[in-house]
Structure formats: structure tokens, C-alpha cells
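Reader: I would like to learn how to read a protein model feature by feature. Could you take me through one, giving the general idea before each case?

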Amino acid sequence: MRNSIKQKGYEGIKAAGVVAVGMFFAVMVYTYIFYVEKVGSDYLETDMLDTALQQLATIPCIALGVVFSVFGLLWMYKGDKIGKYLYKYRYLAAGAVFILCIVFEINGSSIQHMSGFLGSDDTGVLLGQSRGIRSDEWAVLTPMMLSQYQNASGAFPYFSETVRGTLTDVFLVYGQPVADWPVIFRPFYLGYLFLSPGKGLAFFWCGRFIALFMASFEFGMLITKKRKGLSVLYALMILWAPVVQWWFAINGLVEMLIFSQMSIVLLTIYMKRSTMWIRLLCIAGVMLCGGGFILTMYPAWQVPVFYLLLAGIVWSIWENYKECRMKKRDWLIILVAAVIFAGLMGAIFYRSRETIETMFNTAYPGKRISKGGSVTWSDLFLWIGNIWFPMFGEGGITSSVVEDSQFFSLFPISCILPAVLWFGRKVKDKLIAVLAVVSLLLGIYCVAGFPKILAQITFLSYSPSGRTFVILQWAGIIILFRALGLMKKPCSIKWAAGGAVSMGILTSVMCYSANPEYFTVNFAAAMLGLCVVLFYCLFRYPGKGESTVLALTLCAAMFLCGALVNPVRSGIDNVYEIPVLQEVKKIHEEDPKALWAVEGMGMPHNNGPIMVGAPTINSTNTYPDLERWEKLDPKKKYQKYYNRYSQIFMQLKQEGDPVFSASQADQIKVELTLEDMQTLDVEYILTQNDLETLTSDECKAVLISQIDSYKIYRIDSINNEGE
């Protein structure tokens with residue numbers, strides 16, 4: 001009887017604890033959202049504790065706390081059954097969520113900023129904050145995608161006539177959806193081909209989001225020896241990693257993570273299974289992943305990720321070669337698959353050969369060579385400061401939030417715990433061994449740097465050390481989770497407590513000292529507390545209580561790091577309702593072959609007309625049109641300025657020779673006359689300036705439309721005035 005009463009009392013305490021944790025998480029969520037949506041860069045003027053208490057008193061926060069508590073109680077009493085059910089039907093669940101996201105056109109684009117620049121309102125954001133700093137998404141990538149729907153020669157061409165106002169390879173560079181067979185290597189673009197822009201964008205964003213979680217989970221199951229809880233935590237650490245979310249839409253990092261992890265998973269399945277149809281599917285999957293990885297076309301991350309991929313392949317073969325049964329037909333199939341794959345890649349690169357040649361000969365980024373060595377010791381500890389980036393606006397600790405974003409690496413315990421396993425408990429693991437070798441190579445490059453010749457031999461010359469460093473952090477996370485998966489018993493409480501406190505102080509102090517003005521005392525104290533809890537639980541893993549606390553704390557930390565980096569929005573129909581773009585579209589449809597230029601405005605305005613199909617010569621030049629610019633610069637005096645990836649600011653002047661200049665590596669300014677515009681075959685100009693004051697003996701600018709502050713001019717020849 002007494003035992004029964006004690007058991008009921010214990011269960012009551014556990015239930016109360018679950019409710020308390022649910023309310024705590026609800027307060028954290030609403031405090032976080034309040035900072036993201038209302039405070040931003042003014043965070044130093046607020047008190048975090050007061051803000052949290054204010055959220056606690058709101059009805060929505062209480063309601064969310066109740067929801068969290070109910071789910072928590074269900075998990076406490078029915079967790080095993082729920083977990084088994086979700087695991088068994090995980091692909092069906094993922095597919096259902098994916099379909100719902102497409103139906104409701106859910107995406108994470110910050111296209112709201114384009115509407116704002118062009119003088120229109122946007123009501124599509126459901127949660128979070130559009131990120132102006134991610135201009136390469138909302139001002140370049142997404143406008144280019146929209147232009148593919150509008151191309152004069154037909155939708156989704158491989159070579160667009162809209163971008164740059166001339167035939168432009170939009171598949172290989174800044175990859176866009178194309179109605180051509182190479183798109184099979186970019187599966188997340190397929191939705192654009194048969195869906196509306198809003199639903200296609202949802203297919204792209206949500207498809208990659210779900211695929212990254214699923215691929216990371218399956219890879220986590222591989223490295224943790226099928227520990228489901230650890231695998232979920234690993235998947236969340238990859239999915240919600242700050243660097244992944246801040247760079248989510250562009251430069252192919254998400255695709256690299258998906259394809260590299262799935263390649264290793266599929267290789268392992270191939271080696272463990274002998275059924276022919278399974279092996280054929282694995283080979284096809286590896287081919288798709290390999291092609292997708294190659295076609296991300298961003299060497300700054302591709303090169304270091306390839307080193308990790310190579311390490312994973314070596315480990316998988318080393319680990320499984322004894323049980324892999326290969327017959328002659330298997331080798332023949334692999335040979336045929338390799339030939340087919342090489343032929344497909346060769347066909348793509350041959351088709352884009354001129355693009356590749358032009359890119360490699362550009363002043364930027366083609367001639368850029370890195371020797372590494374720019375990562376400082378304090379950079380190793382900045383990961384903990386990443387928890388504040390979504391809340392505090394666009395300024396990072398040492399640079400911008402984008403450039404400072406990292407993986408939530410849990411350094412230095414990500415190095416110490418595997419060392420304890422290897423040296424203290426004498427567990428010699430092959431995966432830890434091969435990743436340690438690769439990590440040493442990448443670490444030396446990041447911190448000390450390589451001689452130029454060695455950087456070029458290793459191809460790391462294509463990767464600035466800051467880019468390589470975040471991939472090194474990913475390697476550390478893999479090693480850490482591998483070590484956790486192999487842990488049989490926790491470290492002693494005394495050792496764990498001492499290590500957690502000392503490393504927590506070191507990590508938080510190093511991060512704080514990098515920029516003391518970035519943090520208030522409360523925020524610094526929160527970092528210290530979070531570090532101590534995480535490190536202690538990691539040292540005590542796989543203790544049951546500590547494992548639960550680790551899971552909850554790490555989930556909360558990753559939510560802070562990445563959940564609302566990008567906004568949650570529905571649709572992009574508002575883009576087509578922008579008045580000035582409606583007017584541009586009307587004129588373009590009446591004169592579809594005419595070239596446009598945007599004058600007196602740079603990015604994002606230069607990419608406005610292409611969203612409705614108007615071919616614009618100074619839309620983002622992903623690679624230079626040397627022939628065009630040499631019309632103005634026949635002696636190639638200014639070639640070093642325009643021979644690059646560039647955002648082009650064009651400014652008209654009364655007279656004089658064309659002048660090119662560069663304010664940044666990817667931004668150039670062109671000063672030219674109306675006659676020069678005619679030389680470039682431009683017929684329409686979008687501007688906010690008065691161009692009628694510009695006089696010329698050969699041509700004049702005629703105002704044909706005005707929408708608010710925007711004016712559209714047509715360039716007419718004087719000789720044709722009387723016709």
C-alpha cells in the first residue's frame with residue numbers, strides 16, 4: 001500500500017514536472033518570437049527576464065504551454081508506442097507534411113523585402129521576420145526563379161533570354177529550374193515545372209527542409225548504431241544549425257549535406273544487402289546524389305565537404321567489406337553505371353563549356369585563391385553565441401550574423417568526449433579514426449594555413465578558411481555523436497561536474513570576450529548556464545535522467561539557433577501585384593523582344609523587371625557578358641571591373657566616355673550616356689530620376705509611364721522622330 005502511494009506520488013511529481021517544462025518552453029518560444037518580430041537590434045535596451053515574464057501573462061503563451069504539457073504527458077506515458085509508430089511510418093508522415101506545405105504554399109523566402117523596395121505591402125509572413133541581409137535569396141535567387149516562368153522563348157529554358165538580357169546559362173550558375181533532363185540531378189526544382197510559383201517555392205523550401213531532416217536521421221542511425229533518440233538529436237542539430245538556416249536557400253549547402261549523407265547511407269546498404277533490385281536502387285541513388293553534389297557548383301563548401309564524404313566512404317568500405325558479397329555481374333553493373341554517370345556529367349559540362357570557361361577566367365570569383373589561416377582561437381567558441389542571432393537582428397559578434405553563423409558544434413567537448421572513449425576506454429573506432437585525420441588536415445588549414453602550392457594541390461585554395469571551418473565543425477558533430485553511440489556508461493558525477501563547469505566558463509568567456517558589447521550580463525549568464533547543462537549531460541550520457549535533460553536542452557538550444565532564422569510565409573502572389581512590376585509587364589508584353597535597363601538603382605531594383613519577364617541587361621550578371629561591355633570598352637581598359645560576377649549599378653550622364661568602377665568585389669558601377677545605352681541595344685529604362693533633361697543629337701528619353709516615384713522611359717532615335 002505504501003509503495004503504491006509512493007509510486008502515485010512519484011508519478012504526480014513527474015507529471016507536475018512535465019507541465020512545468022511545457023510552460024517553460026512556451027514562455028521561451030513566445031519570448032523568442034517577441035525578440036525576433038518586435039525587438040531585433042534594440043535588444044540591449046530590454047531586460048530578457050522582464051520580457052519573459054510579460055509573455056507568461058499572455059493567453060496565447062498559456063495556451064501553448066497547455067499544448068506542450070499535453071504532448072509531454074502523452075510522451076511520458078505512451079512515448080514508446082508513439083516513437084515506434086512514428087519511426088515505422090516516418091516516410092508516410094514526412095510525405096503528408098510535405099503535401100500540406102505545398103497546398104498552403106509554405107516557404108521561408110524573405111521576398112517581402114522586394115515588395116518593400118518596390119513600394120508595395122506584403123502580408124504573406126505568418127511567423128518570424130523576413131531577413132534583409134539574405135539579399136542573395138530574395139533579391140537574386142527568387143527573382144531569377146520567377147523569371148523562368150516568364151521567358152520569351154518558353155518557360156524554364158536552360159539558357160535564359162531574360163537574365164542579363166542575353167542568352168544566359170541559368171542551370172549551371174545560380175541553378176534554376178529548367179525543363180530539361182539535367183534537372184533530375186536537382187530534384188527539389190522539379191516542383192516548379194508543374195506547379196504555380198507559390199507552390200513550386202513551397203516544394204523547393206519544404207522539400208529540402210524535410211529531406212535534410214530525413215537524410216540526417218538515417219545517417220545518424222548509421223553512426224550511432226541505430227539509437228533513435230540520438231539520431232533525432234543529430235538530425236535537429238544539422239537541420240537547425242545556424243549556418244544551415246542562414247544559408248538555407250543558396251550556394252547548395254543543404255543539397256551537399258543531403259547528398260553526401262545519403263551517399264554513405266546508400267553505399268552501406270549496398271554492401272550489407274545482396275538482393276539485386278535493392279542494389280540497383282542504391283546505385284541509382286548514389287548516381288543521383290553524386291550528380292546533385294557536383295552540380296551545386298560552390299567549391300568553397302564542396303571541397304571540404306568532399307573530404308568528409310571521402311572519409312565516410314572509406315569508413316563504410318572498411319567497416320563492411322567482409323560481409324559484402326560481390327559477383328561479376330555486380331562489378332559489371334557498377335562499371336556500366338559509372339560510364340553512364342560520366343556520360344551524363346560530360347554532356348552537362350559540354351553544354352555549359354563556355355559558361356565554365358568564362359567563370360574560371362573571371363577576376364571574381366574565378367581568380368580567387370585562398371591559403372587559409374584566418375580562423376582564430378576565439379572563433380572556435382562563437383557557436384554558443386549563435387543562439388542569439390535570430391533574435392538580435394543582422395549584426396553578428398565579429399561580423400554579420402550570416403558570416404558568423406556556424407554549426408552548434410559543442411566544442412570543446414566534441415573533442416574531449418571522443419578522446420575519453422578512444423584513450424580512456426580503449427575503444428578504437430574506424431569512423432572516429434578517419435574523421436580525426438580529415439579534421440586534422442582541415443584544422444591546420446583553417447588555423448595555420450597552407451603554402452600556396454599545398455593549398456592548390458589539396459584544392460582547398462577554392463575554399464576560404466571561414467567556409468572550411470564550418471565543415472570542420474560538422475565533422476566534430478559526427479565524431480561526437482559516434483562517440484555517444486558507443487558510450488556504455490557515463491563519466492563519474494564528480495568528473496562530469498568539474499569538466500562541465502570549467503569548460504562552460506571557458507566557452508562562454510571566450511565567446512563573450514570576442515565582443516563584450518554584443519551581450520548583456522543576463523545573456524552572458526544564460527550562455528554559461530546552457531553550456532554547463534549541456535556539457536554535464538554529455539559527460540553523463542547515457543544516464544537516463546541526463547539523457548532526457550540533454551534531449552530537451554539541446555532541442556531548445558537548436559530551436560533558438562535556427563527555427564526562425566527564416567520567416568514562415570504563405571505564397572508569393574503579392575509580388576505580381578506590385579504596381580510598378582505590373583506596368584513593366586504590360587509594356588514588356590507589348591514589346592517582348594526589347595531590352596531593359598535599371599538606372600540610378602542597384603540591387604534589388606535591378607532584378608525587379610526580370611520577375612515579370614522583361615530582359616534586363618544589368619540584372620545580376622552571374623557571369624560577365626564580355627562582348628556587350630567591350631562595345632563600350634573596345635580597348636579593354638576596364639575589363640578588370642566588369643569581368644566578374646556582379647550587381648551592376650548604371651548611372652546616366654550628359655556626356656563623356658563610359659566609366660567603370662567597383663565598390664565591392666561583386667558590385668560595379670557604370671557611368672554612361674543615352675548614346676551608350678543605344679549602343680547596348682537598350683530600349684526601355686526603369687528609374688526614379690528625371691531623364692528628359694538629358695539631351696543628345698542622336699536620341700532622347702521619352703517618359704511613357706510613371707507609377708508613384710518610378711518612371712519608365714523609352715529611348716527614341718532623333719532621326720526617327722518624324723517617321
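Predicted model: local features only at pLDDT ≥ 70, side-chain atom pairs only at ≥ 80, totals over all residues.

Reader: Let me begin with the cysteines: how many disulfides does a search of the whole structure find?

Author: In general, a disulfide is a covalent bond between the sulfur atoms of two cysteines. Here a search of the whole structure finds zero disulfides. Cys-101 is in none, and the nearest cysteine sulfur, which belongs to Cys-206, lies 3.8 Å away, whereas a disulfide requires the two sulfur atoms to be within 2.5 Å. Cys-531 is likewise in no disulfide, with the sulfur of Cys-511 as the nearest cysteine sulfur at 8.1 Å.

Reader: Does Cys-531 count as buried or exposed?

Author: Cys-531 counts as buried because its relative accessibility is 0%. Cys-101 counts as buried too, because its relative accessibility is 16% and the cut-off for buried is under 20%.

Reader: Turning to the sheet of four strands, what is the order of its strands?

Author: Strands of a sheet pair through backbone hydrogen bonds, either parallel or antiparallel. In this open sheet the order is E6-E10-E12-E11, and the pairing is mixed. Strand E6, at 595-598, and strand E11, at 699-707, are the edge strands, each of them pairing on one side only. On average, neighbouring strands of the sheet are turned by 25° against each other, direction ignored.

Reader: How many bridges join strand E10 to strand E12, and which helix lies across the strands?

Author: Strand E10 (residues 682-687) and strand E12 (residues 710-717) run antiparallel and are joined by four bridges, and Leu-686 stands opposite Ile-712 in E12. The helix is H25, residues 579-590, which lies across E6, E10, E11 and E12 and runs at about 130° to E11.

Reader: How many salt bridges does the structure hold?

Author: Side chains of opposite charge can pair when their charged atoms come close. The structure holds 13 salt bridges, and one of them joins Asp-429 to Arg-482, with the closest N and O atoms 2.8 Å apart. That pair links distant parts of the chain, 53 residues apart, since Asp-429 sits in the loop between helix H18 (413-424) and helix H19 (430-447), and Arg-482 in helix H21 (residues 465-486). Both Asp-429 and Arg-482 are buried.

Author: Another salt bridge is formed by Arg-540 and Glu-546, whose closest N and O atoms are 3.2 Å apart, and both of these residues are buried. Asp-625 and Arg-628 also meet in a salt bridge, at 3.7 Å from N to O, and they too are buried.

Reader: In the largest nonpolar core, which residues touch the most other members?

Author: This core has 189 residues, of which Val-244, Phe-407, Phe-408, Trp-474 and Phe-481 touch the most other members. Helix H21 gives the most to the core, with 14 residues. Leaving aside neighbours within four places in sequence, Trp-474 is in contact with several residues, among them Tyr-234, Leu-257, Gln-261 and Phe-407. A second, separate core has 25 residues, including Leu-595, Leu-672, Met-677 and Cys-699.

Reader: Finally, where is Ser-461 found, and why does it count as buried?

Author: Ser-461 is found in the loop between helix H20 (452-457) and H21, and it counts as buried because its relative accessible area is 6%. Beyond its neighbours within four places in sequence, Ser-461 is in contact with Arg-368, Ile-369, Ser-370, Tyr-445, Ala-455 and Gln-456.

Key: Residues numbered from 1 in each chain as written. Heavy atoms only, no water. Buried < 20%, exposed > 50% of the residue type's maximum accessible area, 1.4 Å probe, protein only. Pairing = 2+ DSSP bridges. Helix = DSSP H or I, 4+ residues; strand = E, 2+ residues; numbered from the N terminus. Axes fitted to C-alpha atoms, helices over the stretch in contact; angles between N-to-C directions. Contact = heavy atoms within 4.5 Å. Salt bridge = Lys/Arg side-chain N within 4 Å of Asp/Glu carboxyl O. Core = buried A, V, L, I, M, F, W, Y, C linked by side-chain atoms within 4.5 Å.
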